[in-house]
Amino acid sequence: MIVKCGFNATLSAKPGMGDRLVDLLLTGLNEGRPGASEHCVVYLVSRSASDPDVVHVTEGWTGEEDHHRIFAGEAAQAIVTQIDGLLAKEPEYTDYVPVRGKAAF
């Protein structure tokens with residue numbers, strides 16, 4: 001599958017809540033969750049090297065419509081609700097349209 005759209009999000013957890021935020025975001029890969037969808041071809045959770053309470057999420061999707069539809073679903077909204085309680089400030093988003101590259105894990 002080809003990534004046609006995506007985004008990076010930077011999430012700043014409340015002090016000491018970075019581990020909990022990472023754990024919650026990784027549940028997004030569980031069966032029935034957004035990251036497990038066939039339309040989500042990239043779901044990468046990373047941490048800042050200098051601040052363990054800053055977490056980055058990179059997502060790549062087969063299409064913008066697929067992302068919006070799945071993100072509006074109950075499973076995604078349950079994660080969003082839990083995330084909101086862990087954040088020190090509003091997330092920062094950067095959208096993108098991939099051109100070319102490589103990811104191997």
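Good morning. A hairpin joins β2 to β3 through six residues; strands here are DSSP runs of E of at least two residues, and helices are runs of H or I of at least four, numbered from the N terminus. This is a predicted model, in which local features need pLDDT of at least 70 and side-chain atom pairs count only at pLDDT 80 or more, while totals for chains, interfaces and linings use all residues. Residues are numbered from 1 along each chain as its sequence is written, and side-chain values use heavy atoms, with hydrogens and water left out.

Let us begin with β3. Strand β2 (residues 40-47) pairs with β3 in the antiparallel sense over seven bridges, where pairing requires at least two DSSP bridges. In that pairing, Val 42 stands opposite Gly 60. β1 and β3 are also antiparallel, over eight bridges, and Thr 10 faces His 56 of β3. Six of the eight residues of β3 are buried (under 20% relative accessible area, with a 1.4 Å probe and protein chains only), so β3 is largely enclosed by the rest of the structure.

Next comes the loop between β3 and α2, where Thr 62 is found. Is Thr 62 buried or exposed? At 14% relative accessibility, Thr 62 counts as buried.

Finally, Asp 66 is one of the buried residues of helix α2 (residues 64-71), together with His 67 and Ile 70. These residues lie on the same side of α2, because they cover an arc of only 100 degrees around the axis, taken from the directions from the helix axis to the C-beta atoms.

Methods
Buried means under 20% relative accessible area, exposed over 50%, partly exposed in between (1.4 Å probe, protein chains only).
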